[in-house]
Amino acid sequence: MQIEKIREEFPILAREVHGKPLIYLDNTATSQTPREVVDEIVRLYEHTKANVHRGVHRLSQEATDLQETTRRRVQSFINASSPEEIIFTRGTTEAINLVAASFGSRFRDGDEIILTIMEHHANIVPWQLLRRHADIKIRVVEINENGEINIEQYRSLFNDRTVMAAFCHVSNVLGTINPVKEMTAIAHSHGVPVLVDGAQASPHIKIDVQDIDCDFYAFSSHKMYGPTGVGVLYGRRRLLEEMPPYQGGGEMIKHVTFEHTTFADLPFKFEAGTPDFIDIAAFSKALDFIERVGLEAIEAHEEELLQYITPKLEAIEGLRIYGTAHDKSAVISFNVGDIHNYDLGMLLDQLGVAVRTGHHCAQPLMAHFGVPGMVRASFAVYNTREEADALISAINRSLQILR
Ligand code: PLP
């Protein structure tokens with residue numbers, strides 16, 4: 001892979017921060033966007049801005065075609081069996097809220113949902129919100145010292161009150177790649193549907209929802225080199241058809257009177273209001289970028305960086321890495337001694353290195369490790385060994401100041 005050529009496609013990588021070249025290692029939070037995606041957004045605003053699915057006029061038809069082409073692009077990207085199973089949302093968070101609110105409306109007092117200790121708040125809080133109508137119990141899957149799921153304990157959590165299992169494909173803190181196919185098969189053997197939070201998998205790993213056999217799969221464009229404000233919910237058609245709408249409004253209806261409304265067919269039943277059609281259409285270009293570079297090449301490059309930097313980090317006195325799973329993506333969370341993650345993050349920023357600090361929207365996991373937060377460096381296709389080295393020297397310099 002020609003990293004320099006790839007880097008040239010990302011204008012932001014040429015900027016400086018505090019007079020230093022930007023070293024962007026916060027890709028788990030959001031990744032940067034190549035020029036072709038940005039150009040497409042500008043082109044669409046200048047050339048094809050018209051509301052989708054509403055007009056007979058030319059512009060509206062062009063905009064609708066672009067959105068529906070993207071839907072088919074996404075369908076093939078994750079190997080869904082039909083475009084009707086692809087619902088556009090604002091992001092992973094909205095996708096999970098949609099499933100919790102709509103599918104979850106059938107849950108009753110005493111029903112149980114299985115989550116893992118490593119979930120992002122986006123895959124915890126929407127299920128808790130169901131407690132407004134039913135006394136839902138949340139059962140939690142534990143992890144071993146490497147940050148891997150305890151599969152036997154997971155298996156033991158199922159009982160006749162279990163109504164849902166929801167877990168991340170890849171942890172945004174530990175980097176652990178969960179055995180989602182096996183976990184799905186276990187849930188299905190108990191007749192329990194599965195939601196996979198794929199926010200951290202879709203930028204790095206080939207997703208095949210039919211192979212995983214999950215019932216729902218959620219992810220965000222902005223973590224996949226794409227625009228902000230766009231997410232995807234994949235849902236198994238049979239379940240989506242049974243589910244009530246999530247929001248009401250334009251686009252999601254067939255016929256409305258003051259007495260009664262009939263709803264549109266899939267996928268529009270779940271897409272009330274004007275979608276973010278420009279960013280949805282431009283998301284196609286991000287998928288083009290990923291497919292042109294190749295997910296296998298992206299994964300191999302990031303794995304190489306992970307292998308390169310891990311021993312160098314481990315060699316820093318007092319540094320502890322959280323998450324050393326056998327199957328791990330290039331996300332490294334750590335602390336050094338009793339130095340506050342925020343202090344270290346601030347100093348790294350002064351040296352031009354963008355890392356994330358804090359609880360990473362995973363407070364139960366922070367509680368598990370007994371820390372308020374961690375520093376997290378996460379890598380993408382455009383990161384280099386030189387940047388990994390720069391992170392190591394920036395940490396060493398910061399530690400000299402902090403110690
Ligand atoms: N799930 C995981 C594992 C994440 O890492 C994130 C974001 O960091 C989300 C869900 C939420 O994604 P979004 O903010 O794009 O909705």
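Which residue forms a salt bridge with aspartate 213, and how far apart are the closest N and O atoms?

Reply: The model is a predicted one, in which local features need pLDDT of at least 70 and side-chain atom pairs count only at pLDDT 80 or more, while totals for chains, interfaces and linings use all residues. Residues are numbered from 1 along each chain as its sequence is written, and side-chain values use heavy atoms, with hydrogens and water left out.

The partner of aspartate 213 is arginine 236, and the closest N and O atoms of this salt bridge are 3.1 Å apart (the term requires a side-chain nitrogen of Lys or Arg within 4 Å of a carboxyl oxygen of Asp or Glu). The pair links distant parts of the chain, 23 residues apart: aspartate 213 sits in the loop between helix 8 (209–212) and strand 9 (216–220), whereas arginine 236 sits in the loop between strand 10 (231–235) and helix 9 (237–242). Helices (H or I, at least four residues) and strands (E, at least two) are DSSP runs numbered from the N terminus. Aspartate 213 counts as partly exposed because its relative accessibility is 33% (buried means under 20% relative accessible area, exposed over 50%, and partly exposed in between, with a 1.4 Å probe and protein chains only).

This bridge can be read against others, as the structure holds 25 salt bridges. In one of them, arginine 71 pairs with glutamate 68, with 2.7 Å between the closest N and O atoms. Arginine 71 and glutamate 68 are separated by about one helical turn, because they are 3 residues apart in helix 3 (residues 58–77), and both arginine 71 and glutamate 68 are buried. Another salt bridge joins glutamate 94 to arginine 90, where the closest N and O atoms are 3.7 Å apart.

An oxygen atom of the ligand lies 3.3 Å from a polar backbone atom of threonine 92, and a ligand oxygen is 2.6 Å from an N or O atom in the side chain of threonine 93. On the side of histidine 222, an oxygen atom of the ligand is 2.7 Å from a side-chain N or O atom. Taken alone the ligand exposes 390 Å², and the protein buries 86% of that; these accessible areas come from the Shrake-Rupley method with a 1.4 Å probe, and for residues only the protein chains shown count as cover.

Histidine 18, in the loop between strand 1 (16–17) and strand 2 (20–21), has a positive phi of about 50 degrees although it is not a glycine, and histidine 18 counts as partly exposed at 43% relative accessibility. Asparagine 79 lies in the loop between helix 3 and strand 4 (86–89); asparagine 79 likewise has a positive phi, of about 55 degrees, without being a glycine, and is partly exposed, with a relative accessible area of 30%. Proline 267 belongs to the loop between strand 12 (261–263) and helix 10 (277–293), and the peptide bond leading from leucine 266 into proline 267 is cis, with omega near 0 degrees.

Asparagine 144, located between strand 6 (137–141) and helix 6 (151–156), counts as partly exposed at 29% relative accessibility. Asparagine 144 and alanine 325 are 181 residues apart in sequence and 9.2 Å apart in space, C-alpha to C-alpha. For another pair, lysine 181 and threonine 28, a sequence separation of 153 residues goes with a C-alpha to C-alpha distance of 23 Å. Lysine 181 itself lies in helix 7 (residues 180–189) and, at 44% relative accessibility, counts as partly exposed.

Technical notes: Polar contact = N/O pair within 3.5 Å; in protein donor to acceptor, adjacent residues only side chain to side chain.
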